[in-house]
Amino acid sequence: MTDRQAESANSAPPRNPWAMGGIAVLAIVALGMFAAIFTTFTSRTAGNVDATLRLAGEEYNQQHWDVVESLLQTLTPSPEWTEEQNQQYAFFKAASRVRQAFSDEDPQARRLKINQRLGELRQSATEGFPEAYIREAKLLMGEGEYATGDFASAAETFSDAIGGRIDDQRRYLRQLAESQLRSPRHSVGDALASIDRFLALPTIGVSETAEANLLRAMILGEKGSFEEALEAARLAGQDSEFELDSRLQQIKIELTRAGREIQSRQRSDSKPHRTAAITQTIETATEQLMELARKADDWSKLDVMLTAGQALRMLDENEKALGIFGPIRQNRIDAAASIVASIEELEILAATATGDECLATVAYLTREMGDPDGFDPRLISLDLFRSRLSGVVQKLQQRDEFEVAIDMARQLVPIFDESDALRMEADSYALWGDHVLQQNTRNDGSVDRPMIEQSKQLYAAAGDAFAQAAYLRLTSELYPQFLWDAIEQYEKAHQYQRCLDLLQPYLRYEQRDQAPRGLILQTKALMSLGDFKAAQRVCESCVAEFARDSLTYEARLLGAQSAIEMGDVDTAKNLLEANLHDGLLTPESSAWLDSLYALCELLYAQAVSNHYAYWTPGITQTAATAEKQNALYQQNQEIFEAAIRQLEEAIERLTARLKESPVRNPDVRAKRRMLYLAAQAHQYAAFWPKREAAMAETIDSSRRELQQQHVKHMKAAAKYFQELKNDLNQFSDNDKLSTAEQTMLRNCYLGEADALMELRNYDEAIATYRAAINRFINEPIALEALVQQARCFEMLGNDDDMQRVLKQAQQILDRIPTEFDDRFATTTRYNRAGWINFLQWMNST
């Protein structure tokens, strides 16, 4: 008898109510007589534990499970009991209750009871099973695990319990084979060996052989041995009782073969994925299934139509498939068929239909399924069902239907553990936040403030869901990972205090090798909250405790940033140089390059800050003497030279990386920044050699060398400004420049022209200023270019052109619209009124 037939028999109504009534009367009389004997016995021997346990054993062997339970209710376990008494009591009580659960006629109630009572049997195993019942206990546990769909455990239990006894092999080898086939921890080869072992048993019946061949066909089909599978299915059909099952199995095997071929072609990306031959196979199978459905009984018809719907899915005829799956989902005959139809229907709807239809189907499914402990695993295991439901949520996420995915995750709580449902909800919020940013990020990397705020709200919601899931998993080994997921989302939401709150338990419970990532994030949160001193302490702790961990390099980088914020430049330098020179990082690594960029920025900023501090001392500072000021400039020149060396190394390495992979946006932007700083640094570095060369006490040979240094720096500045200008102009033809890049481009035009003017290449400078005027015509920056151009004409002694240019400057000033007034102060030396006065003065001199 097949599992499905057994399920049908268990739930079938009695044939003759009068006959059944007579049997019930006899049973009541017999039970009454036994109750009287039982009462007399127990009243006389209540204190005799051994006698009661012995009687319980006899009744258990006679399969009087309810009597066993009644007997044991008269006993109260005592610390004075022997180990053997404890074992017998625990086993007989648990095993009799499991056996009674198997006798429940309602399939779902039966599975619920078995699931609940298996826990009692496992608990009795901690006492140790009575020696005479070890085999019995293990086989019973395997039966329970098989019945409730815990196939991995059932396979292990049956493998351990089935010995050399022919009756055990005949009864349980098929269950073992199916459990191995459906267990993620066992191979198809294990299942095939078990079913072949069953078929090799002597004196097995014709029906048993047919059922075994059907299972063998399923196993061989899963293995990919399709011809052998078809032969096994045909052998099963030699028994007329299994003729329809045999034909159905053959069709399933052909469909499996077609599906495997489609998957293979998809992996190799060959076109088309479904050839004419494959299509013909599936269409033929569908026709045969429709013919079988007309001959099948109600139970078998559901299986046939399920297979037909799956075949239609393979043909992408989703509307027809939905027309089949819908009625099967709502059937009242076979819960297993309803479950499979539901997931098939949901997968189609998630890929093709509206979210409302998905939610309606999920609501029906969760309502009808009830307690997952009563899940019918005959056609699909609960684990696989949950996996496919998770896939439906992921499909909705891929279609950007995040709200539907969130609502669906919330509805799945009866099927999933609440923490797992929260995790799906959190994933949807997190992906939604990413989507908002991706869809609204411009080519320059900028995003409008409202979109940023919306993404932060979504990340915060993801963090809340992850945090709630972590709370529910407080005693689980998954607790630290759930915490970490919440922390990451709160960081994206800029909720840094929440990050710090969760990092405390995370660092306490997480494994030591995962602690550095927590310390890194703790540092970032502290820095974002402005607590740089605490952030640096955490970095120091990370470097000291996890010296060989790769995240140590990021800790040094963050420590350097914290030190810079606190004005501790020397500490920042030491940390960055440790990354560059400890010998473990290669120059190709991101951490090494980030350290180099940071050191470039640090040296450049330090040198420029010093330069202006020496040039214009603060209000409360006393101006240094010329001698002391020159000494300070000399010292600062060394910092500029060091910055230039680091910047030029960074440019060289970035150029090499971009030759290998030109489409590296971070590298492109990093190179532009390094070029800009290098050009500026050379311009500043030209100041001191020129000043020193002009000093009266400088000897002629040193003066010539200093002048050469000045020229070298100015030429390098002009070169870098020109290279960056050309790059940005080329980029702006295809993409919009960011605000920072627009600033760099303006400064490149003027910087290059200023360097040429400083080198006394006046004609080249005039041409470069003219290019700037044409590029930024009717913008305030054009005024700067015109004034500098006029000075070049003045240096060449060309007064007419100088006056012409100054008049052009006045005309452009008049044409600049008033809405550009705020740009005067940010891009030029004067506001509009200041330019009016300055140009009047220039024209009057």
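Trainee: In this predicted model, what makes the charged end of arginine 423 one that sits over the ring of phenylalanine 482?

Mentor: The charged end of arginine 423 is 4.7 Å from the centre of that ring. The rule asks for a distance within 6 Å and a position within 35 degrees of the ring normal, and arginine 423 is counted as sitting over the ring of phenylalanine 482. Arginine 829 sits over the ring of phenylalanine 838 likewise, with 5.5 Å to the centre.

Trainee: Why is the pair of tyrosine 749 and phenylalanine 776 called edge-to-face?

Mentor: The ring centres are 5.5 Å apart and the planes stand at 90°. Rings pair if their centres lie within 6.5 Å, and planes over 60 degrees apart count as edge-to-face; therefore the pair is edge-to-face. The count by this rule comes to 26 aromatic pairs.

Trainee: Which parts does that pair tie together?

Mentor: Tyrosine 749 lies in helix H34 and phenylalanine 776 in the loop between helix H35 and helix H36, so the pair ties together parts that are 27 residues apart in sequence. Tyrosine 749 and phenylalanine 776 are both buried.

Trainee: Why is helix H12 called roughly antiparallel to helix H13?

Mentor: The axes of H12 (residues 226–236) and H13 (residues 243–267) come within 8 Å and cross at roughly 170°. Angles over 145 degrees count as roughly antiparallel, so H12 is roughly antiparallel to H13.

Trainee: Which residues meet there?

Mentor: Among them are Phe226, Leu230 and Arg234 in H12, and Gln249, Ile253 and Arg257 in H13. By class, the contact has 6 nonpolar, 4 polar and 5 charged residues.

Notes
Residues numbered from 1 in each chain as written. Predicted model: local features only at pLDDT ≥ 70, side-chain atom pairs only at ≥ 80, totals over all residues. Heavy atoms only, no water. Axes fitted to C-alpha atoms, helices over the stretch in contact; angles between N-to-C directions. Helix = DSSP H or I, 4+ residues; strand = E, 2+ residues; numbered from the N terminus. Parallel < 35°, antiparallel > 145°, perpendicular 65-115°, else oblique. Contact = heavy atoms within 4.5 Å. Nonpolar A, V, L, I, M, F, W, Y, C, P; charged D, E, K, R; others polar. Phe/Tyr/Trp six-rings, centres within 6.5 Å; stacked < 30°, edge-to-face > 60°. Buried < 20%, exposed > 50% of the residue type's maximum accessible area, 1.4 Å probe, protein only.
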